[in-house]
Amino acid sequence: IRFMKKLTTLILGLSAVVLMQAQERKKFIDNEMIDGFRRNAESVFDMRFLEQDMLDVALDRNLVEQYDTVCTYRVSHNAVTDQKKSGRCWYFSTLNILRDEMIRKYDMGHFEFSQTYGQFWDVLEKSNRFLENVIENRKKPMHSRMNEWLFKKPIGDGGHFSNAAHIIDKYGLVPQEIMPERHSSVDNLRLMNVVRTALRRYGLKLREASKKDIQSVKEAALADIYNILAANLGEPPVEFRWTLKDKDGNIISDKAYTPESFRDEYVKHNLENDYVIFMDDPTKPYYRMYSVDNSRNCYEYANWTFLNLPAEELLKMGVESLRDGTMFYISADTDASALMMGGIYDTGLYDLDGMLGVSLGMTKEEMVRSCEIKSAHAIAMTGVQLGEDGRPVKWLVENSFGTARGWDGYVVMQNEWLETYLFRMAVERKYVPEHLLPLLERKPKVLKSWNPTY
């Protein structure tokens with residue numbers, strides 16, 4: 001009893017001290033603080049910061065000069081594609097993997113699948129998903145978390161590997177010359193804004209519609225969206241004729257296709273079954289399955305589901321894929337520690353900490369948890385250089401922003417950078433180690449639609 005009394009007294013005393021300190025804490029900036037700031041700032045003054053972009057000042061140019069595209073294993077040498085002013089990187093990178101296999105098989109010259117064709121169906125399918133979500137949540141108030149999330153951004157042009165797999169499985173593929181790029185496919189801001197306006201308008205109508213009118217209102221909305229897309233992107237072909245030629249112009253075949261038959265002849269993968277999707281999210285337990293609610297584009301398909309693994313383990317599978325001559329899909333925060341036009345991604349590119357006298361470093365877990373980094377861009381991995389110890393040193397990426405960046409559009413990523421900023425990865429199932437396969441059968445934990453990481 002005496003011990004407990006002493007302990008209580010001690011706790012109360014400490015609480016009083018903490019409370020007193022809290023009361024004395026300054027909640028405003030005063031002259032004493034500013035004087036201290038001034039003294040500290042003198043040590044980092046550099047005239048260049050006043051006249052140049054801070055990243056130009058902090059760039060390690062000696063590091064930049066050391067980079068090249070030498071690889072231990074390299075798959076693709078294809079001319080890069082260009083998504084221009086659109087958020088279709090997830091679809092471009094998936095198609096870049098598939099087209100590489102086709103080009104090599106038939107010894108073709110330049111070839112691309114139509115990105116516009118998949119874009120058309122993706123926007124229509126996402127519109128349907130939005131409308132169905134509105135119907136399912138129409139009895140909830142507009143200020144509910146779900147409805148706020150729905151109406152704030154009904155759909156976007158971003159996506160991930162699963163979205164590409166769904167569109168290809170449901171609608172097939174066509175060559176780019178059959179449904180080429182248009183103004184609103186490569187610069188789609190206006191198009192997406194118009195679609196979102198139409199969806200918000202119909203979303204409000206659905207909230208007020210009687211039960212018997214819901215389907216007719218929804219179909220009217222989809223008809224309007226289809227018209228908008230057809231007017232700006234062109235209407236997707238039902239049948240078409242296409243000639244397959246090798247790089248010397250020799251005709252291999254010339255026949256009629258549907259988008260489904262074209263896919264079945266030239267793409268031997270079932271992307272849903274042949275690939276496994278992973279994620280490195282250090283804010284959640286590793287070696288567990290997760291799915292993200294409302295992450296699908298086609299309503300009848302499954303949501304994006306992944307196994308959470310450390311980046312180092314993911315990249316071991318990547319090495320095996322490239323060793324075997326197979327590209328794979330990743331997404332990362334390509335806005336971080338990047339020399340965009342130089343095509344170099346390295347954690348040591350900029351010495352802002354040293355030059356500004358601050359500490360900006362965080363662990364990957366801290367960066368993800370605080371929303372400092374995000375999955376910004378999807379790309380197709382095409383090469384890797386290994387060190388003497390057999391570990392990756394740098395990676396070569398087939399980007400989708402034309403030839404202006406890096407080495408004719410190919411960019412290089414330091415391995416430490418990739419481990420730090422890697423988010424998603426899709427690799428063929430045959431490169432997944434045996435001990436991980438049973439984990440893929442486990443029931444995933446469902447994550448909320450509005451989670452900022454996804």
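# A guided tour of a predicted chain

The chain has 18 helices and 14 strands; helices (H or I, at least four residues) and strands (E, at least two) are DSSP runs, numbered from the N terminus. The model is predicted, so local features need pLDDT of at least 70 and side-chain atom pairs count only at pLDDT 80 or more, while totals for chains, interfaces and linings use all residues. Residues are numbered from 1 along each chain as its sequence is written, and side-chain values use heavy atoms, with hydrogens and water left out.

**The whole chain**

The C-alpha atoms of the chain fill a box of roughly 90 × 65 × 50 Å, taken along the principal axes. Of the 454 residues, 49% count as buried. Buried means under 20% relative accessible area, exposed means over 50%, and partly exposed lies in between (1.4 Å probe, protein chains only). Among contacts in the chain with a separation of 6 or more, 76% join residues 24 or more positions apart; a contact means heavy atoms within 4.5 Å.

**The nonpolar cores**

Next, select M102, W242, F262 and W395. Of the 115 residues in the largest nonpolar core, these four touch the most other members. A nonpolar core is a set of buried Ala, Val, Leu, Ile, Met, Phe, Trp, Tyr and Cys residues joined through side-chain atoms within 4.5 Å. Now centre the view on F262. Leaving aside neighbours within four places in sequence, F262 is in contact with several residues, including M102, F111, F113, W242 and Y257. A second, separate core of 15 residues includes F49, Y67, Y350 and L396.

**Helix α6 and N96**

Select residues 89–106, which form helix α6, and find N96 within this helix. Is N96 buried or exposed? N96 is buried, because its relative accessible area is 2%. Its side chain and that of R99 are joined by a polar contact of 3.3 Å. A polar contact is a pair of N or O atoms within 3.5 Å; within protein, one must be able to donate a hydrogen and the other to accept it, and residues adjacent in sequence count only if both atoms are side-chain atoms. Beyond neighbours within four places in sequence, N96 is in contact with T81, M327, A380, E398, N399 and S400.

Move to D82, in the loop between β1 (73–74) and α6. D82 counts as partly exposed because its relative accessibility is 27%. The side chain of D82 reaches the backbone nitrogen of K84 at 2.9 Å. Which residues does D82 contact, leaving aside its neighbours within four places in sequence? They are F92, E181, S400, F401 and G402. D82 and N399 are 317 residues apart along the chain, yet their C-alpha atoms are separated by 8.2 Å.

**The two largest pockets**

Select K153, G158, G159, R424 and Y454. Of the 47 residues lining the largest pocket, these lie nearest its centre. A pocket is found on a 1 Å grid over the protein atoms alone: it is an open set of points where a 1.4 Å probe fits, with protein on both sides within 12 Å along at least five of seven lines, and lining residues have an atom within 4 Å of a point. The largest pocket has a volume of about 1,200 Å³; grid points are joined across faces, edges and corners, and a volume is the space filled by probe spheres set on the points. The elements giving two or more residues to the lining of the largest pocket are α6, α7 (115–136), α8 (145–152) and β10 (377–386). The largest share, four residues, comes from α8.

For the second largest pocket, select A336, S337, L360, E372 and Y421, which lie nearest its centre among 23 lining residues. This pocket holds about 680 Å³ of space. The largest share of its lining, three residues, comes from α18.

**Two positive phi angles**

Select Y287, in the loop between β4 (275–279) and β5 (288–292). Phi of Y287 is near 65 degrees, a positive value in a residue other than glycine. Y287 counts as partly exposed because its relative accessibility is 33%.

Finally, select C371, in the loop between α17 (364–369) and β10. C371 has a positive phi of about 65 degrees although it is not a glycine. At 48% relative accessibility, C371 counts as partly exposed.
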